[in-house]
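Hi,

Here is the model I promised to pass on to you.

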Amino acid sequence: MHGRQQVRFTTHGRAQRAAPGTTSDWRALMPKALITGITGQDGSYLAEHLLAKGYDVVGVVRRTSHHSYERIEHLIPRVEIVAADLLDQHSLTIVIQEAQPDEIYNLAAQSFVPTSFTQPVLTGEFTALGVTRILEAVRLVCPRARFYQASSSEMFGKVQQTPQRETTPFYPRSPYGIAKLYGHWITVNYRESYGLYAVSGILFNHESPRRGMEFVTRKVTDAAARIKLGRATELRMGNLDAKRDWGFAGDYVDAMWRMLQAPTPQDYVVGTGESHSVEELVAVAFGHVGLDWRKHIVVDPKFYRPAEVDFLIADPARIKAELGWTPTLSFEQLVTMMVDADLRRLQAR
Ligand code: NAP
Ligand code: F7E
């Protein structure tokens, strides 16, 4: 892989533009990555991962009245922040034209499934058409860049095959899943139509202490910690029977990077190959701090979805065999690590 990377950076990368022999050329030889969604969970881990590999990292943020940089504060001096919005073609074209990155990771999206039911049109604009806007910019102003699209296991939805692999037919069950399916196919289409190096990672749920509070893992680990510390007594939740293939986000950003180093552009499924129910998640999190979850969880129909994805489990055989990727944390390690992180955070306040 490293040998190929050398070839790549001298063939397509900035080394082409560097006159050899000066100190400033050393920086010009570093690969450059542009990340949309850098303020999100995955964006922050990916930025760390790429900086550790010596990349120059450019992070795209949207303009808001209040910065949402909590997850990347520690990286700010080392990451260049630029402003663009998935809704605005011109801003995307300009940042890509100016950065001339070797790799582009499109992680920005409206990523919360329940919001996609209440704001389906906006979700389509961000999560579906946003991908086309970026691909158009890549095609026009930086076609040599390698492009990664954040596809999702939500595209499998009402599953047609178990476990789910690259060849499994899609059946999305939410406006989010449908928008991701559009993003997935437009990426395939630009690869086939224009010869772009454009790939989709079909990632199953991945979590961390940086996960948004509205997602089920973080909601549960935060509540277990609060209840343990006497700051809350109950947690209201939706469907405890749903099953997911949950992994650690830090491992999944490495899969994204590996996909862009492959000799030929290909889509991959990324997951652990293990599935657990929401009830198991609650039991592990509450059990870790010595609590009986049955005394604290209240099932509230308000958290049920109009259509549910009941059961997801990945078959990650292809990415393991071809790119040498493997998850490092078990389900129990992931959940207990998140509970411990929430305990530390709450105790520090
Ligand atoms: P996340 O924490 O929700 O982060 C989403 C990012 O997108 C944030 O940085 C957000 O910026 C940005 N964003 C939203 N709308 C934007 C817009 N209009 N213009 C520019 N930026 C915008 O999501 P994540 O968990 O890191 O996931 C990363 C990507 O992988 C997403 O595309 C998600 O759909 C996909 N995915 C996630 C999982 C998972 O389990 N985590 C699995 C499969 C696929 P603000 O900070 O300004 O809101
Ligand atoms: O729900 C059930 C809920 O919101 C998981 C996103 O990153 O992964 C994520 O989507 C399950 C569902 O994630 C509550 O009904 C029960 O069955 O954590 P979640 P998600 O919908 O699977 C995919 C791969 C993505 O691509 C998405 O961007 O948990 N559940 N009770 C609950 N879920 C929530 N949020 N809150 C509850 O109280």
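**What I found**

Glu-332 counts as partly exposed, because its relative accessibility is 40%. Please keep in mind that this is a predicted model. Glu-332 sits in helix α12, which covers residues 331–347, and it belongs to a negative surface patch together with Asp-241, Glu-274, Glu-279, Glu-280 and Asp-310.

Now to the salt bridges, of which the structure holds 16. Asp-222 is buried, with a relative accessible area of 10%, whereas Arg-345 is partly exposed at 24% relative accessibility. The two also take part in a network of salt bridges that links Arg-218, Asp-222, Arg-226, Asp-342 and Arg-345.

A further salt bridge joins Asp-300 and Arg-236, whose closest N and O atoms are 3.0 Å apart. Since Asp-300 is in the loop between β13 (297–299) and α11 (317–323) and Arg-236 is in strand β8 (residues 235–237), the pair ties together parts 64 residues apart in sequence. Asp-300 is buried, at a relative accessible area of 14%, while Arg-236 is partly exposed at 36%. Glu-125 and Arg-133 also meet through their side chains, at 2.7 Å from N to O. Of these, Arg-133 is buried with a relative accessible area of 15%, and Glu-125 is partly exposed at 28% relative accessibility.

Helix α3 (residues 41–52) reaches 17 Å from its first C-alpha to its last, close to the 16 Å expected. Ten of its twelve residues are buried, so α3 is largely enclosed by the rest of the structure; among them are Tyr-45, His-49 and Leu-50. Just after α3, Gly-54 takes a positive phi of about 95°.

Helix α9 (residues 249–261) reaches 19 Å between its end C-alphas, close to the expected 18 Å. With twelve of its 13 residues buried, α9 is likewise largely enclosed by the rest of the structure. The buried residues include Asp-251, Asp-254, Trp-257 and Gln-261.

Ser-174 counts as buried, because its relative accessibility is 2%. Between Ser-174 and Gln-97 there are 34 Å in space, C-alpha to C-alpha, and the two are 77 residues apart in sequence.

Best wishes

Methods: Residues numbered from 1 in each chain as written. Chains lettered and ligands numbered in written order. Predicted model: local features only at pLDDT ≥ 70, side-chain atom pairs only at ≥ 80, totals over all residues. Heavy atoms only, no water. Patch = residues over 30% accessible without salt bridge, like charges linked within 9 Å, V, L, I, M, F, W, Y side chains within 5 Å. Areas by Shrake-Rupley, 256 points an atom, 1.4 Å probe, with all protein chains shown as cover. Salt bridge = Lys/Arg side-chain N within 4 Å of Asp/Glu carboxyl O. Lys, Arg positive; Asp, Glu negative; His and termini not counted. Charge placed at Lys NZ, Arg CZ, Asp CG, Glu CD. Helix = DSSP H or I, 4+ residues; strand = E, 2+ residues; numbered from the N terminus. Buried < 20%, exposed > 50% of the residue type's maximum accessible area, 1.4 Å probe, protein only. Expected span 1.5 Å × (residues − 1).
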